[in-house]
Amino acid sequence: MACIFWMPGSHNDINVLHRSPLFANLAEGIAPEVNYTINGHDYKMGYYLADGIYPSWATLMKSISLPMGNKRKYFDRAQEAAQKDVERTFGVLQSRFAIVRQPARIWDTETLALIMRACVIMHNMIVEDEIDLDPNERFDYGGENVQPSHGIPTCTLAEFIEAQKKIRNKEIHFQLKEDLIEHLWNQHPDLYPMEPAS
């Protein structure tokens with residue numbers, strides 16, 4: 001699923017992606033830290049689910065257009081299910097908040113980001129209010145003191161360029177995809193019979 005904001009002129013999704021501020025905080029060194037390990041490989045950037053038309057960047061995890069073999073078929077089904085979850089979530093926000101249903105052309109991207117963040121926060125508050133949870137369990141972050149980012153770039157031009165290269169790194173994209181395929185398969189291998197050995 002792609003979330004594309006209107007830009008003047010004629011643009012397709014790929015052109016908009018290249019001009020989008022979507023990864024600006026990451027490139028400027030002000031995005032929240034993300035660290036995780038899959039199959040023994042360490043990753044330092046999160047990723048967005050994307051359709052097959054998007055480029056093979058380290059920050060975009062594309063579906064497989066013609067998955068061959070049980071592992072890849074399972075990965076593709078899991079990817080599609082996650083994309084549908086995101087689409088349903090956005091549908092819930094649209095049904096609950098009229099401002100999300102309206103055309104976005106009159107706002108700049110910063111205002112759109114604030115609107116979406118506010119709607120997500122209000123939705124979460126409504127959901128939490130509707131369920132009976134222990135208040136001490138709701139906001140337990142494991143004792144960590146979470147500090148907000150203030151949006152001040154902390155990188156030099158060379159660091160910015162290096163970050164852009166990492167965001168667009170095809171090798172990391174393909175390694176992450178293979179790691180995710182293996183990870184998902186190892187979590188639920190019983191859903192398919194094992195592939196015959198080659």
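How many helices and strands does the secondary structure of the chain come to? The answer is eight helices and four strands. The model is a predicted one. Along the sequence, the elements run α-α-β-β-β-β-α-α-α-α-α-α. The chain has 198 residues, and 23% of them are buried. Consider contacts with a separation of 6 or more. Of these, 65% join residues 24 or more positions apart.

Start with helix α8. This helix covers residues 170-187. The N-terminal end of α8 is capped by N169. A side-chain oxygen of N169 lies 2.9 Å from the backbone nitrogen of E171.

Next, the buried side of the story. Buried residues in α8 are H173, L176, K177, D179, L180, I181 and W185. An α-helix has 3.6 residues a turn, so residues three or four places apart point the same way. The list for α8 includes H173, L176 and L180. It also includes K177, I181 and W185. What covers these buried residues? The cover includes three strands, β1 (36-38), β2 (41-43) and β4 (60-62). Helix α3 (70-96) is also part of the cover.

Now turn to α3 itself. Two packed helices are described by the angle between their axes and the distance between the axes. For α3 and α8, the angle is about 95° and the axes are 9 Å apart. Angles of 65 to 115 degrees count as roughly perpendicular, so α3 is roughly perpendicular to α8. On the α3 side, the contact uses N70, K71, R72, Y74, F75 and A78. On the α8 side, the partners are K177, E178, L180, I181, E182, L184 and W185. By class, this contact has seven nonpolar, one polar and five charged residues.

Helix α3 also packs with helix α5, residues 109-130. Their axes come within 11 Å and cross at roughly 90°. That makes α3 roughly perpendicular to α5. Here α3 contributes F90, V92, L93 and R96. From α5 come M116, C119, V120, H123, I126 and E130. This contact has seven nonpolar, one polar and two charged residues.

Helix α3 is roughly perpendicular to α8 and roughly perpendicular to α5. Residues such as Y74 and F75 meet α8, while F90 and L93 are among those that meet α5.

Definitions and conventions
Residues numbered from 1 in each chain as written. Predicted model: local features only at pLDDT ≥ 70, side-chain atom pairs only at ≥ 80, totals over all residues. Heavy atoms only, no water. Helix = DSSP H or I, 4+ residues; strand = E, 2+ residues; numbered from the N terminus. Expected span 1.5 Å × (residues − 1). Buried < 20%, exposed > 50% of the residue type's maximum accessible area, 1.4 Å probe, protein only. Contact = heavy atoms within 4.5 Å. Polar contact = N/O pair within 3.5 Å; in protein donor to acceptor, adjacent residues only side chain to side chain. Axes fitted to C-alpha atoms, helices over the stretch in contact; angles between N-to-C directions. Parallel < 35°, antiparallel > 145°, perpendicular 65-115°, else oblique. Nonpolar A, V, L, I, M, F, W, Y, C, P; charged D, E, K, R; others polar.
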